[in-house]
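I opened this notebook to record what I looked up, entry by entry. The sequence and structure come next.

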Amino acid sequence: MEDNNKYPQDDGNRRLRPQRPQRRGFNWFSLIYLFLLLGLAYMWSSTSTANPLKKEWIEVKDGLLVSGDVDKLVYVRNEHKGEIYLKQASLDKYKNLYGGREPKAGPHFYFLVSEKFDAETQFDAIIESLPPEKQFRVVIDEHKNYWGPIIEWIIFPLLLLGMFFLFMRPMRGMGGGPGGGIFNVGKSQAKLYEKSNNVKVTFKDVAGMEEAKLEVKEIVDFLKNPKKYTALGGKIPKGALLVGPPGTGKTLLAKAVAGEADVPFFSMSGSDFVEMFVGVGASRVRDLFRQAKEKAPCIVFIDEIDAVGRARSKNAGFTSNDERENTLNQLLTEMDGFGSNSGVIILAATNRADILDKALMRAGRFDRQIHVDLPELKERLEIFKVHLRGIKLAPGFQIDFLAKQTPGFSGADIANVCNEAALIAARKNKQFVEKQDFLDAIDRIVGGLERKSKIITPEEKKTIAHHEAGHATVSWLLPNANPLLKVTIIPRGQSLGAAWYLPEERQLTTTEQMMDEMAATIAGRVAEELVNGRISTGALSDLEKLTRQAYAMVTYFGMSEKIGNLSYYDSTGSRDMAFSKPYSEKTAELIDEEVKRLIEQAHATATKVLTENREGFEKLAALLLEREVVFSEDLEAIFGPRKGGVDPNKLLREEPVADPEPVKEPGTEPQTVEA
């Protein structure tokens, strides 16, 4: 956690605290560098001296000392060691012993003797037997080791202490709080946002999600004007859970709360509670709520709360992480325990609300669940307007077209589309971003990058063209199927061909609609059978989607007469660890039979449509081989206007989408009651 002292605090009656200058700690690395430099200096100085060669006393006595090449002999009494220094004029004679290099300084030789060695007697006898020109000086000395005790009792412990602090420095990042360090590992890592942080994200930057913004604005208003609600006996809600698919703007909505609220805002991720040390998660939860109570009224935001809020295991033998459960227990206690957390509102975000613990979801902890769904047509228009603010658009550009072209896109996907379009236009050296750049960006995001260099044989290309033409024909002629927008046989990503549809934005799906969609899905395989008389592996993804949808119809939605109105779908996720199916083996066989019947029915429907419209189907495949890309206008020219369902050409030619009316906050207008 960041140091709270560096932010000015306004407690109402107290003055703002002055900012404290940050003090820099001692840099232990400079001490290490100093020792390294001293070591290098010592090594450099030692290279100027010769490495003495060891000799036995007999060799020294009978050979070296009587040769006349010795200048000085130093005998170290306490080490029983003799060091021999040669004359400068005699160094050339011993170059071969030093690798051909002449030693510059001594000692050049040394010898070791026993404790009983009588140095004075031995050396005097040798000197007296030599002529004056061969005699040498003798020095008796004792070496006193001052550094040994110093290194042993002072420097070595200091080095150990320095190494300890160096190793502990990386551990500071593992704990929050002022100063960090391993002893603060249990501190909360939440970031504090206050007025002085200058958070620039506001509700104006959050397009769409009018209902969600209204509920969040109400929470902010609770904290700004609590008397407005408590005067009528109401209580401030303790928590709100933002639930929705990835990329829909849950975290962005929380950032807007931080920018709009006049109260402190704590933000952290659910994974920040989890640590390798036992008890750290619970300790961080306690520290987070302790800081929140000190700053109350305030807001605490926990992103991706499913990291610690997953449902606790009922089977103790299969508990995955006791530490995570301890953290969850502490979180439950802090949110609604004996302790009072008045003025602290908890905001949390997750895209997996089905796996959260029931105790966490009950009223009194998270009083509200705010659903942030994928944006609809009018909401996508608002989101495009936000993300197109800094992009240079071509004159006369219609943003409505983009909103219609991107059904099912989240806010993050729309932001990616705008950015990709700008990059594509810049790559082509354009001055403005045009309509085609956005279409290319949508194609790249949905289908992947074009791979025109991929080698495909003419026979394979013909098969791919008939496969994609089968999808396009059946989806255009069946009234309940999703209408085709564009089809191509240019390889994209991992696929050899791709088709783009314009699904109708509906909340409910009937059996007839699902059967027509399944017929359009298997139409590619049927087209290969009709044209080539054999099948290929190109329908793998189609068969996977088809099988998954058929099983969902039978086991989830109760769309089978033999199975009946039964659903084996588990929205709570409690059956994840189950070892048995929730139905008998006989029912399982019946389910498989029903799935097979549905798929055969879809196969028969696709076969009938392609057989009755064989001429138009072949014409569309030939057009695909010629142009590689075919649009919905071409299908309308071949098969005529689409009968029933959504006509993509008509939809894209409609009037611009009207701006969505803002959701009015309750109490802003007088209520009228009709008799």
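**Entry 1, ground rules.** I am working with a predicted model, in which local features need pLDDT of at least 70 and side-chain atom pairs count only at pLDDT 80 or more, while totals for chains, interfaces and linings use all residues. Residues are numbered from 1 along each chain as its sequence is written, and side-chain values use heavy atoms, with hydrogens and water left out.

I looked up pLDDT, the predictor's confidence in each residue on a scale from 0 to 100, and found a chain average of 78, with 76% of the residues scoring at least 70. Over residues 1-20 the pLDDT is below 50, and this stretch has 30 contacts in the model beyond near neighbours in sequence, where contact means heavy atoms within 4.5 Å. I noted that pLDDT also stays under 50 over residues 658-675, for which the model has 17 contacts beyond four places in sequence.

I counted 22 helices and 14 strands, taken as DSSP runs numbered from the N terminus (H or I over at least four residues for helices, E over at least two for strands). Of the 675 residues, 40% count as buried, on a scale where buried means under 20% relative accessible area, exposed over 50% and partly exposed in between, with a 1.4 Å probe and protein chains only. Among contacts between residues at least 6 apart in sequence, 73% join residues at least 24 apart.

How do the axes of helix α16 and helix α20 cross, and within what distance do they come? For residues 458-477 (α16) and 614-627 (α20), I find axes that come within 8 Å and cross at roughly 130°; axes are lines fitted to C-alpha atoms, for helices over the stretch in contact, and angles run from 0 to 180 degrees between N-to-C directions. The two helices are therefore oblique to each other, given that angles under 35 degrees count as roughly parallel, over 145 as roughly antiparallel, 65 to 115 as roughly perpendicular and the rest as oblique. Residues of α16 including Lys461, Ala465 and Thr473 meet residues of α20, among them Phe617, Leu620 and Leu624. By class, this contact has 8 nonpolar, 3 polar and 4 charged residues, with Ala, Val, Leu, Ile, Met, Phe, Trp, Tyr, Cys and Pro as nonpolar, Asp, Glu, Lys and Arg as charged, and the others, Gly among them, as polar.

Glu460 sits in helix α16 and counts as partly exposed at 44% relative accessibility; its C-alpha atom is separated by 9.9 Å from that of Ser536, 76 residues apart along the chain. I then looked up positive phi values in residues other than glycine, and noted Met209 near 50° and Glu628 near 70°. Met209 lies in the loop between β6 (191-193) and α5 (210-224) and is buried, with a relative accessible area of 11%. Glu628 is in the loop between α20 and β14 (629-631) and is partly exposed, at 27%.
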